Amino acid sequence: MNDTDARHLRRAFALAQQARDRGDRPFAAIVIAGDGTVLTEGMSTQGSSGDGTLAHSEMNACQAVVKAGIPREVLAGATIYSSGEPCAMCSAAIFYTGIGRSVYGLSNDAVLALRNATPATAGLSLSCRAVMASAANPPVVEGPCLEEEAAVPHRGYWPAP
Ligand SMILES: [Zn+2]
(Lines give C-alpha, C1' and ligand atoms only; values in the text may rest on other atoms or scores of the structure.)
Protein backbone atom coordinates (compact mmCIF):
# COMPACT_ATOMS: atom_id res chain seq x y z
CA MET A 1 0.00 0.00 0.00
CA ASN A 2 1.41 3.39 -0.99
CA ASP A 3 0.27 6.97 -0.28
CA THR A 4 -2.12 6.93 -3.24
CA ASP A 5 -3.72 3.74 -1.94
CA ALA A 6 -4.09 5.31 1.51
CA ARG A 7 -5.80 8.37 0.01
CA HIS A 8 -8.30 6.27 -1.91
CA LEU A 9 -8.96 4.04 1.10
CA ARG A 10 -9.66 7.11 3.23
CA ARG A 11 -12.16 8.26 0.61
CA ALA A 12 -13.86 4.85 0.89
CA PHE A 13 -13.98 5.23 4.68
CA ALA A 14 -15.56 8.68 4.33
CA LEU A 15 -18.17 7.28 1.95
CA ALA A 16 -18.85 4.44 4.38
CA GLN A 17 -19.68 7.09 6.96
CA GLN A 18 -21.98 8.81 4.42
CA ALA A 19 -23.73 5.51 3.77
CA ARG A 20 -24.30 5.09 7.48
CA ASP A 21 -25.52 8.67 7.85
CA ARG A 22 -28.20 8.10 5.20
CA GLY A 23 -29.42 4.86 6.75
CA ASP A 24 -27.35 2.25 4.94
CA ARG A 25 -24.71 -0.08 6.27
CA PRO A 26 -21.29 1.57 6.80
CA PHE A 27 -19.53 0.19 3.74
CA ALA A 28 -18.23 1.78 0.54
CA ALA A 29 -16.05 0.83 -2.42
CA ILE A 30 -14.52 2.99 -5.13
CA VAL A 31 -12.93 1.96 -8.42
CA ILE A 32 -9.89 3.93 -9.60
CA ALA A 33 -8.31 3.46 -13.04
CA GLY A 34 -4.57 3.01 -13.41
CA ASP A 35 -4.23 6.66 -14.45
CA GLY A 36 -6.02 7.82 -11.29
CA THR A 37 -9.42 8.46 -12.87
CA VAL A 38 -12.32 7.78 -10.50
CA LEU A 39 -14.46 5.24 -12.37
CA THR A 40 -17.16 4.95 -9.72
CA GLU A 41 -17.91 5.44 -6.05
CA GLY A 42 -20.19 2.81 -4.57
CA MET A 43 -21.88 2.72 -1.22
CA SER A 44 -23.92 0.06 0.45
CA THR A 45 -27.58 0.54 -0.47
CA GLN A 46 -28.87 -2.33 1.63
CA GLY A 47 -31.08 0.04 3.58
CA SER A 48 -32.12 2.66 1.03
CA SER A 49 -32.73 0.25 -1.86
CA GLY A 50 -34.72 -2.25 0.17
CA ASP A 51 -32.28 -4.89 -1.13
CA GLY A 52 -30.75 -6.28 2.02
CA THR A 53 -29.08 -9.15 0.23
CA LEU A 54 -27.18 -8.06 -2.87
CA ALA A 55 -26.70 -4.30 -2.54
CA HIS A 56 -23.22 -4.45 -1.04
CA SER A 57 -20.96 -1.54 -1.96
CA GLU A 58 -18.69 -3.65 -4.20
CA MET A 59 -21.67 -5.10 -6.04
CA ASN A 60 -22.95 -1.58 -6.69
CA ALA A 61 -19.48 -0.44 -7.83
CA CYS A 62 -19.00 -3.43 -10.15
CA GLN A 63 -22.43 -2.98 -11.70
CA ALA A 64 -21.76 0.74 -12.19
CA VAL A 65 -18.52 0.23 -14.13
CA VAL A 66 -20.11 -2.47 -16.28
CA LYS A 67 -23.17 -0.31 -17.02
CA ALA A 68 -20.87 2.62 -17.82
CA GLY A 69 -19.17 0.49 -20.47
CA ILE A 70 -15.68 0.83 -19.02
CA PRO A 71 -13.42 -1.26 -21.30
CA ARG A 72 -12.03 -4.51 -19.90
CA GLU A 73 -8.45 -3.36 -20.44
CA VAL A 74 -9.10 -0.29 -18.28
CA LEU A 75 -10.68 -2.44 -15.57
CA ALA A 76 -7.71 -4.81 -15.67
CA GLY A 77 -5.49 -1.89 -14.69
CA ALA A 78 -7.92 -0.56 -12.09
CA THR A 79 -8.08 -0.99 -8.32
CA ILE A 80 -11.20 -1.36 -6.20
CA TYR A 81 -10.79 0.13 -2.73
CA SER A 82 -13.21 -1.30 -0.18
CA SER A 83 -13.75 -0.02 3.33
CA GLY A 84 -14.05 -3.65 4.46
CA GLU A 85 -12.81 -6.94 3.04
CA PRO A 86 -14.99 -7.97 0.11
CA CYS A 87 -17.27 -10.88 1.01
CA ALA A 88 -17.26 -14.03 -1.12
CA MET A 89 -20.09 -12.72 -3.32
CA CYS A 90 -18.34 -9.39 -3.91
CA SER A 91 -14.94 -11.03 -4.43
CA ALA A 92 -16.48 -13.11 -7.21
CA ALA A 93 -18.09 -9.99 -8.68
CA ILE A 94 -14.73 -8.18 -8.65
CA PHE A 95 -13.17 -11.12 -10.47
CA TYR A 96 -15.94 -11.40 -13.06
CA THR A 97 -15.93 -7.65 -13.62
CA GLY A 98 -12.24 -7.96 -14.45
CA ILE A 99 -10.89 -5.44 -11.93
CA GLY A 100 -7.20 -6.22 -11.57
CA ARG A 101 -6.57 -5.27 -7.96
CA SER A 102 -8.48 -5.21 -4.68
CA VAL A 103 -7.37 -3.21 -1.64
CA TYR A 104 -9.40 -3.21 1.54
CA GLY A 105 -9.47 -1.64 4.99
CA LEU A 106 -11.02 -3.86 7.65
CA SER A 107 -10.44 -7.60 7.57
CA ASN A 108 -13.45 -9.89 7.54
CA ASP A 109 -12.60 -10.88 11.12
CA ALA A 110 -12.52 -7.24 12.19
CA VAL A 111 -15.89 -6.60 10.54
CA LEU A 112 -17.39 -9.61 12.30
CA ALA A 113 -16.02 -8.38 15.63
CA LEU A 114 -17.42 -4.87 15.05
CA ARG A 115 -20.77 -6.40 14.09
CA ASN A 116 -20.83 -8.36 17.35
CA ALA A 117 -21.46 -11.34 15.11
CA THR A 118 -22.33 -14.70 16.52
CA PRO A 119 -21.87 -17.97 14.62
CA ALA A 120 -25.51 -17.67 13.58
CA THR A 121 -25.10 -14.17 12.12
CA ALA A 122 -21.54 -14.30 10.80
CA GLY A 123 -22.50 -15.01 7.20
CA LEU A 124 -19.88 -16.31 4.78
CA SER A 125 -16.48 -16.86 6.32
CA LEU A 126 -14.60 -17.52 3.05
CA SER A 127 -11.95 -14.81 2.72
CA CYS A 128 -11.44 -12.56 -0.28
CA ARG A 129 -8.04 -14.17 -0.86
CA ALA A 130 -9.54 -17.67 -0.78
CA VAL A 131 -12.06 -16.71 -3.45
CA MET A 132 -9.47 -14.93 -5.59
CA ALA A 133 -6.99 -17.80 -5.23
CA SER A 134 -9.49 -20.05 -6.97
CA ALA A 135 -9.49 -17.80 -10.05
CA ALA A 136 -7.65 -18.69 -13.23
CA ASN A 137 -6.11 -15.21 -13.36
CA PRO A 138 -6.45 -13.90 -9.81
CA PRO A 139 -6.69 -10.20 -9.04
CA VAL A 140 -4.03 -8.81 -6.72
CA VAL A 141 -5.34 -8.52 -3.14
CA GLU A 142 -3.95 -6.20 -0.47
CA GLY A 143 -5.32 -5.81 3.03
CA PRO A 144 -6.15 -5.31 5.75
CA CYS A 145 -4.97 -1.69 5.66
CA LEU A 146 -5.55 1.27 8.04
CA GLU A 147 -7.93 -0.81 10.16
CA GLU A 148 -8.24 1.70 13.00
CA GLU A 149 -9.44 4.41 10.61
CA ALA A 150 -11.61 1.93 8.76
CA ALA A 151 -13.38 1.00 12.00
CA VAL A 152 -14.55 4.54 12.77
CA PRO A 153 -17.79 4.46 10.69
CA HIS A 154 -18.75 1.22 12.46
CA ARG A 155 -18.41 2.47 16.04
CA GLY A 156 -21.79 2.41 17.75
CA TYR A 157 -23.56 1.28 14.59
CA TRP A 158 -24.05 -2.44 15.20
CA PRO A 159 -26.38 -3.64 17.93
CA ALA A 160 -24.92 -5.33 20.97
CA PRO A 161 -25.13 -9.13 20.90
ZN1 LIG B 1 -20.19 -8.24 -0.27
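1. R115 lies over the face of W158, 5.5 Å from the ring centre, where a charge counts as over a ring if NZ of Lys or CZ of Arg is within 6 Å of the ring centre and within 35 degrees of the ring normal. The model is predicted, so that local features need pLDDT of at least 70 and side-chain atom pairs count only at pLDDT 80 or more, while totals for chains, interfaces and linings use all residues. Residues are numbered from 1 along each chain as its sequence is written, and side-chain values use heavy atoms, with hydrogens and water left out.

2. W158 also forms a tilted aromatic pair with F27, at 6.4 Å centre to centre and 55 degrees between the planes; rings of Phe, Tyr and Trp (its six-membered ring) pair if their centres lie within 6.5 Å, and planes under 30 degrees apart count as stacked, over 60 as edge-to-face and the rest as tilted. Because F27 lies in the loop between α1 (3-21) and β1 (28-32) and W158 in the segment after α7 (147-151), the pair ties together parts that are 131 residues apart in sequence.

3. F27 is buried, with a relative accessible area of 16%, and W158 is buried at 13% (buried means under 20% relative accessible area, exposed over 50%, partly exposed in between, with a 1.4 Å probe and protein chains only). Y157 is partly exposed, at 27%.

4. Y157 and W158 form an edge-to-face pair, 4.7 Å centre to centre with 90 degrees between the planes, and ring pairs link F27, Y157 and W158 into a cluster.

Methods. Helix = DSSP H or I, 4+ residues; strand = E, 2+ residues; numbered from the N terminus.
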